[in-house]
Amino acid sequence: MCGIVAYIGHREAYPIILKGLKRLEYRGYDSAGVALVNNGLNVYKKKGRVAELEESVVGKDLHSNIGIGHTRWATHGEPSDRNAHPHVSANGKLAMIHNGIIENYAQLKKDLQNKGYQFKSDTDTEVLLNFIEDIQRNNQCTLEEALRIALKRVTGAYVIVLIDAEHPDTLIAARKGSPLVIGVGKGEHFLASDASPIIEYTKEVVYVNDYELAILRGDELILKNLGNEKLTPYIQKLDLELAAIEKGGYDHFMLKEIFEQPDTIFDCLRGRLDATAGTITMSGVQNYLEQLVNAPRIIIIACGTSWHAGLVAEYVIEELCRIPVEVEYASEFRYRNPIVRKGDVIIAISQSGETADTIVAIEKAKEQGAIIFGILNVVGSSIARISHAGAYTHAGPEIGVASTKAFTAQLVVLTMVALKIAHAKKSISEELYSTLLKELHEVPGKAATILKDTDAIKKIAEKYKDAANALYLGRGYNFPIALEGALKLKEISYIHAEGYPAAEMKHGPIALVDASLSVYFVATKDTYYEKVVSNIQEIKARKGKVIAVISEGDETIGPMADDVMIIPEAHEIVAPMLSVIPLQLLSYYTGVARGLDVDKPRNLAKSVTVE
Ligand code: F6R
């Protein structure tokens, strides 16, 4: 939610900031802006994409060696030029960008209005900025001191970056609850919401923690806590290549990321799974194996697509490990009074590692003594830092707003975790253990087979692109895949889609079925296969259109269905890693056929850092 970039050093700031904003556009894209300093502040902001900002500044004064930039996902105030960041303080000297939400902004705004402040925008950001300015004026103190005082009085989440037109040699930033990375260059510093705007210039980074302030000059980086104590910056080496964040010849990041899955699944297995030796090496699991094996209960916390991965894991862990599993929406868990008992293990799943609801839910469970095991894609992310242990998915940066390759990697990691627990617990036979290791080993090859020829899926997408509604049905391990297929379709194509357990259809949704309804079945060969075939019959009897994901060699469903998407046969526990791929492609091609921006669907953002 919202991308921020800032630069200070010896180069021109604007081109670095603009390029960085384009890389961060996945975080929000309803308006964008920059603030530069050249004998005073130059602030340019525009509703719309970064490209529109770029067009609007042609011929303007863009010279500056310091600058801040922002790409917005609106919270307070509609997307518009005046609500776009950076905001400028009432005295015209300070400019600020912000990612997050200031929860007590209404009271602060009222107090400031009583003092005569007028506001040019509807944002909480402008309130915080003028609050800082007011403190500075009243206390005759430095901007840094005013910021420290202000942050002790605000509630909410933020990353903010400030520049002062009268001190163009300094950038000041602070973080609580939203991500912030500093790039350390030679005589220059970069700031961004993630490392993608930075990697081109330096691989040395510092991840700023909550309640920390960074004071940056070209050749100086000072890190402090809110108590004004200096901290030693921990400089880390970035393990990220530029190619990983570029489209590499694909039309969209989403398509690139779908096609990367044979490699990302392989990378996720690499160095961990040895099917020949019969071993799974995962130090995060190994270090907490006793607690995992003896856990009276596992609670999985996640949102969106990651929550769907958690649902698949519920089936897998209960089957293999015989440990009760509950799968919770982080947003519900955090506001309930959840019961977490001694020994319970929380598995938190998050691609970004920055999802606000998931973070708070983890903190709540941690307070009650739970062990937190994170399954995350982004190294060094907030959730990685608050987890006791975990395993990375190693899917590489996921830039398309819809999660695809991170989801399949989450399934792979969760299955390996389940197998490791089950093996240690001896809750599965050696034979099943070896079979599943071998099956996992074969997943990258089978994923590549699905992706070898996607023409049939493209044709299906074009055939049903004008449907108003779609129903996705599956049972067992494939029920969460039905939910995921429906989520992908609705977010990418804006077609209303619902996922349901196939048998549950009779309890209501079947009323929707007529000749105009597309019903997608995830109907691979598994324990539930015969039952799903009956459900298909029930839809056909009511003239619904049936489109099914089936296993290679299935001769029963083909003649019954209107269209099929075929995947290689696989054990039912690994099948979801494959059955989701045609559904990802289907939503991608449907979105493209409907002329939509599949990488940046309306109203969405990649990293949901507000609740
Ligand atoms: C859907 C999607 C979202 C995310 C959700 C959680 O395609 O991407 O539903 O899965 O916002 O995000 P993470 O996994 O980063 O916590």
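1. Strand 20 (residues 345–350) and strand 21 (residues 371–376) run parallel and are joined by six bridges. Within this pair, Ile-347 stands opposite Phe-373 of strand 21. Helices (H or I, at least four residues) and strands (E, at least two) are DSSP runs, numbered from the N terminus; two strands pair if DSSP finds at least two bridges between them.

2. The basis is as follows. The model is predicted, with local features requiring pLDDT of at least 70 and side-chain atom pairs counting only at pLDDT 80 or more, whereas totals for chains, interfaces and linings use all residues. Residues are numbered from 1 along each chain as its sequence is written, and side-chain values use heavy atoms, with hydrogens and water left out.

3. Overall, the protein has 20 helices and 27 strands. The C-alpha trace spans about 80 × 55 × 45 Å along its principal axes. The radius of gyration is 25 Å, which agrees with the value near 25 Å for a compact globule of 611 residues; this radius is taken over C-alpha atoms, and the globule rule is 2.2 Å times the number of residues to the power 0.38. Of the contacts with a separation of 6 or more, 71% come from residues 24 or more positions apart.

4. Of the 611 residues, 60% count as buried (buried is under 20% relative accessible area, exposed over 50%, partly exposed in between; 1.4 Å probe, protein chains only). The protein exposes about 23,300 Å², and carbon and sulfur atoms supply 49% of that area.

5. The domain assignment gives domain 1 (3–243), domain 2 (249–444) and domain 3 (453–603), with bounds that come from an automatic or database assignment. The C-alpha centres of domain 2 and domain 3 lie 25 Å apart. Their contact takes 34 residues from domain 2 and 32 residues from domain 3.

6. Strand 12 (residues 212–217) is mostly covered, with five of its six residues buried. Five bridges join strand 12 to strand 8 (residues 171–176) in the antiparallel sense, and Ala-214 of strand 12 is the bridge partner of Ala-173. Strand 12 also pairs with strand 13 (residues 220–225), again antiparallel, over six bridges; here Leu-213 has Lys-224 of strand 13 as its bridge partner. Strands 12 and 13 form a hairpin with two residues between them.

7. Val-592 is found in helix 20 (residues 575–593). Val-592 counts as partly exposed because its relative accessibility is 36%. Leaving aside neighbours within four places in sequence, Val-592 is in contact with His-252 and Val-598. Ala-84 is 508 residues away from Val-592 along the chain, and their C-alpha atoms are separated by 29 Å.

Note on methods
Contact means heavy atoms within 4.5 Å. Accessible areas come from the Shrake-Rupley method with a 1.4 Å probe; for residues, only the protein chains shown count as cover.
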